[in-house]
There are 2 protein chains.
Amino acid sequence: MVGSKKKFDIIIEGGTLLTMVDGEEPMHNVRVIISGGRIEEISARQDSPIPETNEVINAEDAIILPGLINTHGHSAMTIFRGIADDLPLKKWLYDHIFPAEAKYLNPDTVYWASLLACLEMIASGTTTFVDGYFFAGETIRATDKAGMRALVAQGVLDFPAPGVPDPKKNLDVAFEFLEKWINFSDLITPGIFCHSPLTCSAGTLLKAHEISNRFRLPLQIHLSETQEEVTEIKKRTGLRPVFYLDDLGLLNSRLIAAHAIYLNEEEIDLLAKRHVKIAHCPESNMKLGLSIPPVVEMLEKGITVGLGTDGCASNNNLDLFGEMDTTSKLAKIANLDPTLLDARTVLKMATVGGAKVIGLENRVGTIEPGKKADIIIVDTNTPHMTPIYNPYSQLVYSATGGDVRDVIINGEIVLRERQFTTLDSDDIISEVKSLSRSIGT
Amino acid sequence: MVGSKKKFDIIIEGGTLLTMVDGEEPMHNVRVIISGGRIEEISARQDSPIPETNEVINAEDAIILPGLINTHGHSAMTIFRGIADDLPLKKWLYDHIFPAEAKYLNPDTVYWASLLACLEMIASGTTTFVDGYFFAGETIRATDKAGMRALVAQGVLDFPAPGVPDPKKNLDVAFEFLEKWINFSDLITPGIFCHSPLTCSAGTLLKAHEISNRFRLPLQIHLSETQEEVTEIKKRTGLRPVFYLDDLGLLNSRLIAAHAIYLNEEEIDLLAKRHVKIAHCPESNMKLGLSIPPVVEMLEKGITVGLGTDGCASNNNLDLFGEMDTTSKLAKIANLDPTLLDARTVLKMATVGGAKVIGLENRVGTIEPGKKADIIIVDTNTPHMTPIYNPYSQLVYSATGGDVRDVIINGEIVLRERQFTTLDSDDIISEVKSLSRSIGT
């Protein structure tokens, strides 16, 4: 915590500000004042002395923007980064990932691997993330230590899972998880993550939905990620996955559907009508050789689409700058139209779009007085960021996560000049390396 | 130059070595000895004292691999980075890029923008690049100052061009360029770059081919980059572009064809038969909304395919790590097959594949005793590079250019612990920023 003797906590001086508020253009040479965890004031930089503050961040030669929001991932999968690549999806999942999870996931690995994910996300400008995995309480502990904002969900499926050997108890475990963590932190929201319509029965889906509703919490699911899922759900129920979930009453504005690849027009219309939120994961989709989701069509129909990295076993990093770049380029090549998903649009998807996906748009996603101070500062004084004609283009098409210099979450500096302030990176890296030595292909 | 009193110039100690030699597996904890610009010896790290040497590079917690080779670009276009994005291709080219080139390109802008490109390429692990643009002598001066290896070509087209106001003299200018620079440096080869079959007449192409042949130098061309090119060439000549160039006698093992997107099966067969080299530029292709080239088919037919970034007006960076990642993922999604272009294969394309594209495979592209010491060292002691199960995966799917820590070209260290040794980055960045102020959208 920053001491509170001074009038303000942090003042950012200079630099180009992208508020990401609709209709607002880039502001140059600004002053952003942060106090009590919130954005207090935005103005042109003054010649007058800097007001009394605990900390001044010089942002000349830098771009200031809202922290990025990762709407889909499995943080602790950092422990499996690169363990099984370039394989057919079924072989990858059933011969490598599921067995590795069963063998190596435990509270300890999840805790350390989640800390590693927090390091990586902070270092690449992510301030809020959505997670769904096992031993989710350990991911919450790691997130809290890191000082990050997150929706962390307990994974649910109808098979024995890490930490949940008896699938009959999967929703009891999830319920206890929600009860335990619901009031733990202002920054962290617990939730439920149903693995997929294929791996969760109708009963499981209904109960997860009912519990999430009772807590008024978002519910996550992998939806229409593979052609096999569509075929199988149709065989089982006579309906395509989106209609099947609608039939169960699951489609609402608190449902976060990840991937959403194999959709027909009626399904897109229905997702729009029900205000379902989408987590688009382009790099994971590509790496698994899946198809290209209809992102442009979804946006045209008013669906809120955020960006997600997915887990590190299918990406293999948590850098949302890469996802922004890929989102734009993939839409352009899929539709043979270079005007689609321009740089500003994808930056919106990664910031305010992500905030809407989680229902946090009143708190984060833009830089406006009164909003929580989740802000990142990107260094532009490097060869690949020179010159700058268009800051949106620069961030999306030239930058990588490694260009993020400072990160503020909830008014606290968690990365200063690329040094972590809340986490001991040497310790975490060394611990995960050590854990990984017993894991291998 | 490194002083030569000591027995060796550089010894790299520790780390995982990827030689990129066919059939050789990663070697751990190695010693690589460099002397006289060449790789002298590769061995397991010894407990015995390090031999007498001018410099020791500690590569523990790092991956050692051949320097990357960028087979297609227009270095000085860094000056136009982000000047015109998300536009229809014709509008982009004719309303923005061509006018900007006509107005702002001169020896001074090309020199400084080429230096900026060298900074960016060195900082992201590229040791050799292929260039085609205008005022190419200035790019050679910059490349020489940077200490990089390159094939730098003078651009040729049948329209007034920067530095070549009279297109009738385009090949005289190119010829003089070759004569002037052919013996300038061991590291830099001059060449000719014909802009495209659309913008160069048959006469121009024939003459460029004849001159290049006389000097036994590679000839570059943009080939089958747009559907319009295919349609128009067919209209003009009755032939698709590849057959048209074959008809002119241009197809041979020294022709470097960039993009090569719109190809039918007969064209792929013909390119293979004639041993034409391909520069695959996935990010530029995607950003311009072009189609997906048949890379997998080309490789299957034995065609040598290297990777290229293209210029910074259509990418917008020169980071080959991004191109490797995109190459793999794009092939996977295009063919709905995650096993295609695995990490090792694309790393080969970016190293030894690139060397073959330029005809330098006997000098660079792998780490073997006797070869020129073009070597990069990638830091793995970071969150996103932890843990490591497969170093190829880690480089292709997790790393970015910013992870490159040290770069050696021709036995000289040009980047040491991310500090440039041959170039003054502050000076170059400041100069390009200053030049860019008069340029704008």
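Why does B:A102 count as partly exposed? B:A102 counts as partly exposed because 13 C-beta neighbours lie inside 10 Å. On this scale a residue is buried if 20 or more other C-beta atoms lie within 10 Å of its own, exposed if 12 or fewer, and partly exposed in between, with C-beta atoms placed from the backbone.

A word on what we are looking at. This is a predicted model, where local features need pLDDT of at least 70, side-chain atom pairs count only at pLDDT 80 or more, and totals for chains, interfaces and linings use all residues. Residues are numbered from 1 along each chain as its sequence is written, while chains are lettered from A and ligands numbered from 1 in the order in which they are written.

Back to our alanine. B:A102 sits in helix α1 of chain B, residues 89–104. Helices (H or I, at least four residues) and strands (E, at least two) are DSSP runs numbered from the N terminus. Between the C-alpha atoms of B:A102 and B:P160 there are 8.8 Å, although 58 residues separate them along the chain.

In chain B, α2 (107–123) and α3 (136–146) pack at about 35°, with 8 Å between their axes. Axes here are lines fitted to C-alpha atoms, for helices over the stretch in contact, and angles run from 0 to 180 degrees between N-to-C directions.

How do the two chains meet? 55 residues of chain A are in contact with 56 residues of chain B. On chain A's side, the elements giving two or more residues include α2, α9 and α11. The largest share, 5 residues, comes from α14(A). By class, that side has 22 nonpolar, 21 polar and 12 charged residues.

Let's stay with chain A and its domains. Domain 1 covers 8–66 + 364–420, and domain 2 covers 68–358; such bounds come from an automatic or database domain assignment. Their C-alpha centres lie 29 Å apart, and 24 residues of domain 1 are in contact with 28 residues of domain 2. On the domain 1 side, α13(A) gives the most, with 5 residues.

Last stop: an open sheet of 7 strands in chain A, ordered β3-β2-β7-β16-β17-β18-β19, with mixed pairing. β3 and β19 stand at the edges with a single partner strand each, so one side of each has no neighbour in the sheet. Two strands pair if DSSP finds at least two bridges between them. β17(A) and β18(A) run antiparallel, joined by 3 bridges, and A:V407 stands opposite A:L415 in β18(A).

Terms used. Two residues are in contact if their C-beta atoms, placed from the backbone, lie within 7 Å. Ala, Val, Leu, Ile, Met, Phe, Trp, Tyr, Cys and Pro count as nonpolar, Asp, Glu, Lys and Arg as charged, and the others, Gly among them, as polar.
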